[in-house]
Amino acid sequence: MAAEKLRDLSQPIDVALLDATVAAFYGTGSKEERTAADQILRELQNNPDMWLQVVHILQSTQNLNTKFFALQVLEGVIKYRWNALPVEQRDGMKNYISEVIVQLSSNEASFRRERLYVNKLNIILVQPMLHSDDLAVKLLVFMVVPFTFLVLKHEWPARWRSFIPDLVSAAKTSETICENCMAILKLLSEEVFDFSRGEMTQQKIKELKQSLNSEFQLIHELCLYVLSASQRTELIRATLATLHAFLSWIPLGYIFESPLLETLLKFFPVPSYRNLTLQCLTEVAALNFGDFYNLQYVKMYSIFMVQLQSILPTTTNIPEAYAHGSSEEQAFIQNLALFFTSFYKSHIRVLESSQENISALLLGLEYLIGISYVDDTEVFKVCLDYWNSLVLELFEAHHNLDNPAVAANMMGLQIPLIPGMVDGLGSQLLQRRQLYSGPMSKLRLLMICRMAKPEEVLIVEDENGNIVRETMKDNDVLVQYKIMRETLIYLSHLDHEDTEKQMLKKLSKQLKGEDWTWNNLNTLCWAIGSISGSMMEEQENRFLVMVIRDLLNLCEITKGKDNKAVIASNIMYVVGQYPKFLRAHWKFLKTVVNKLFEFMHETHPGVQDMACDTFLKIVQKCKRKFVIIQVGENEPFVSELLSGLPSTIADLEPHQIHTFYESVGHMIQAESDPQKRDEYLQRLMELPNQKWAEIIGQARQSVDFLKDQDVIRTVLNILQTNTSVATSLGTYFLSQITLIFLDMLNVYRMYSELISNSIAEGGPFASKTSYVKLLRSVKRETLKLIETFLDKAEDQPQIGKQFVPPMMDPVLGDYARNVPDARESEVLSLFATIINKYKSAMIEDVPRIFEASFQCTLEMITKNFEDYPEHRLKFFSLLRAIATHCFPALIRLSSQQLKLVMDSIIWAFRHTERNIAETGLNLLLEMLKNFQASEFCNQFYRTYFLTIEQEIFAVLTDTFHKPGFKLHVLVLQHLFCLVESGALTEPLWDVSTVAYPYPNNTMFVREYTIKLLSTSFPNMTTSEVTQFVTGLFESRNDLSTFKNHIRDFLVQSKEFSAQDNKDLYAEEAAAQRERERQRMLSIPGLIAPNEIQDEMLDS
């Protein structure tokens, strides 16, 4: 009965009953009561007339949760139906919200008591910064909406021009109203200047910025008046917070040609305003619009430094002060880091102009070095970011001394250079380097002491102080390492001697035991490893000889397993970073490799893994050295290694043995004599081949022998070992795979039958048993081995002819015959690899591949978006390989089969799994281009053009498919260019059903697209949709304009508002990353020698 009464919205809602329902929802009653209340509230919220009751509810209830419920109802209307409401209703709601805010803010007591409610009316989404213990309130804070501001986004500036004058006038009536007005102004600035990208069209953002700029004088006067006249701490803090939001964009005259800076510096020493004032000064420091206000910046910095020394004396141990400080004091240190880094990024050159300024600059850098030692990740990130940019600037000027014009530009000189100036410019650069030599030396020590852990290091100290194997990579640490490594390389280029001296001095202390800790040794060795490639070869050789010798000595003299594990880890990391040095020094290389073999017997967690990984890394870069007879040796190292192989790998786990075998495969691959190569391969594979021959021999006597679980595990291990060697040997693995290939296919067939029988007898659950999983692992590894070999083998057609036909029935036929749960997805990727490798030579085989895999796989993967995830991506990769290399085979398909292909492609790009959707879209682009160039162009596009356009628009406007934006745009651009090109000579519309004959396909597609989008987006007017479609045709030949036009439409359609839209800009970000990589390649050491993909062939 109560529910029916609430649902009747033809009369004012019973607020007491609504209060009771809301209380039941948030109360501690029975589950049934909460469910019933939830049902009623949902129905009310979805009722289109409920919003008309909001004012009545807000005026009548005292319950905060009920007020929030009413505001939620209002949210949907303002966000999505505002422009459709009559003007009088919009104005009424606007005035009501304004009145409520003014009324609540007028009285100090009500303002404090209802502050939470006022905030809800002020802002878009309130951040969870409550201290209330009321769980219901906390939950609602996440959901509540913003009414002043939500309305404002629609109304201002066009329909509410007087908003800012009205707000400023209201602010002058009382201090509490003024405080709330400051909060609204702060939100307004943040919304327009910080959060607008991807939420508003570019034109709307421009209009809002212009309106704010033109009316800022009123806001500026209000802020200055409050700061000079008010004594209320809360109001002054609110005003400083508002100023902070505005300072980054307001005209500079309001800052430098008014008392504002002077006022801010006056507030800086006052503890209660210190952090807010420092944030404001940081915003000013970050501004950079030429040299016009240089004098003001120098004056501001000088006053600031004098005040800072009284707040934070130069003798203070900043890391210690931070560790023991209050949250306010810690925030001050963080804000101080932001101030210094912002000021120096924009204005450091101004401070280099006179001795007095230089003293203040060096003092500030001293403070920043001290702050950089603070044990807080966020503080260090701020400092590191600046140090990286400063060192890069100094390095580039030094690096470009040979190019005076570039160097002058680095120094900010805009004048044309004449020959006589070049020497003077070099002198200036040297003076500048000299000026910073002291801070840079301290910075080198900082980087060495705080170097982050590289990815290759697997041994870490846990929270209990034990040395353990790392279980999970910390991406933040890896990013930090990358920046620190780059910074240290620039520092090394600026002064190699100082870098070397500081590192060797710290290492010497470790040897003497003066400074011995795990962390000190770790950071030092990570720093040493990180500068690989940055020194001249002769200096690097001398440096490395001392480092490696000292580390090996340290390993000998240090006692304790944990200590030895840490030293071992560091030796392995350092040697792995200097392959060039190892290639040039055989004795060191041999010593290092033998040391790695020692570490392979060390059972401490992580040591063996790291030894095998480092061995692989060194062999990849030095492989030639192991197959030639070195001076003083009787045989190549690889031969010596193969003789002692069983004892070397005796203590290794299977996965470590596989890495070891892959490493030796690289050595063998470097041998140019085919006879020796085959001999080495035979010796390497002797152990696994011996075991394989035993198993196959036993199986010939009794096939049941292969069913034993231990035997199955041994077979799996042998296959994995073969795969590892195939990975590194490529074509040269032919003799080995030929030896086991046919027996391997027989084992595959037998295990497949065992799996099918188990599933047939035990049902779907049988596929989850450990026995069936083990059998399937063997099948998968067999497929992986064949795929690895064919993929790595050089393009030799006879290899394809030798290996592909025998697989057709045991592998492809088996896939078709098997029950779905027993089909291996690797079959699909194997045949995708084969087609990508042998291309058009496989055209004749495509019908058979299609018949065996297509229909049965589609039945598995199109029931839903979750089952058989591995099959999905691999199926579309196979289809793409066929479309790319065997397109004529697709044309020969029947119309039903082609429809099946197109339906599967559409299904793929509808998928929410990013990889599958992207593969589907790439495949679609291939198909569209291939059909456009074929004789079936008209026939294909007449059948599929409209379907593709409709489906692409569907995923384009669905936020789940944002990552595919770039490809969606390319497909649409292709379609619109195709229509305009005249390549389609037959009508795209159905002549038999469409009475009106369109003059051409362009007019038809234009009208069809307008109808399609108007139906899909009823919240947009026909003129808006027409304008968008016209823009698509006009911008079709310019991808950048076409893309921006679509971005604006997505925002305008409200589908992509208030979300993270970085995926819409992913292509630009990728281009920037590639430019950065090219820059890094030009600087020695920036990309580590072991990361550069070159052959590094050594003589």
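Predicted model: local features only at pLDDT ≥ 70, side-chain atom pairs only at ≥ 80, totals over all residues.
Me: Why are helix 52 and helix 53 called oblique to each other?
Reply: Helix 52 (residues 1001–1016) and helix 53 (residues 1022–1034) pack at about 140°. Roughly antiparallel needs an angle over 145, and roughly perpendicular covers 65 to 115. The pair is therefore oblique. Their axes lie 9 Å apart.

Me: Which hand does the crossing of helix 52 and helix 53 have?
Reply: Helix 52 passes helix 53 in a right-handed crossing.

Me: What makes up the contact of helix 52 with helix 53?
Reply: Helix 52 brings T1002, V1005, R1006, T1009, I1010, L1013 and S1014. These meet V1025, T1026, F1028, V1029, T1030 and F1033 of helix 53. The contact residues divide into 7 nonpolar, 5 polar and 1 charged.

Me: How do you know that the span of helix 21 agrees with its number of residues?
Reply: Helix 21 (residues 327–347) has 21 residues. At 1.5 Å a residue, they should span 30 Å. The end C-alpha atoms are 30 Å apart, so the two agree.

Me: Which elements do the buried residues of helix 21 pack against?
Reply: The buried residues include F332, F339, F340, F343 and H347; each has under 20% relative accessible area. The buried residues of helix 21 pack against helix 18, helix 19, helix 20, helix 22 and helix 23.

Me: What covers the buried residues of helix 46?
Reply: Buried here are H871, R872, F875, F876, L878, L879, A881, I882 and A883. Their cover includes helix 43, helix 44, helix 45, helix 47, helix 48 and helix 49.

Terms used. Residues numbered from 1 in each chain as written. Heavy atoms only, no water. Helix = DSSP H or I, 4+ residues; strand = E, 2+ residues; numbered from the N terminus. Expected span 1.5 Å × (residues − 1). Buried < 20%, exposed > 50% of the residue type's maximum accessible area, 1.4 Å probe, protein only. Contact = heavy atoms within 4.5 Å. Axes fitted to C-alpha atoms, helices over the stretch in contact; angles between N-to-C directions. Parallel < 35°, antiparallel > 145°, perpendicular 65-115°, else oblique. Left-handed = near helix turned anticlockwise from the far one by under 90°. Nonpolar A, V, L, I, M, F, W, Y, C, P; charged D, E, K, R; others polar.
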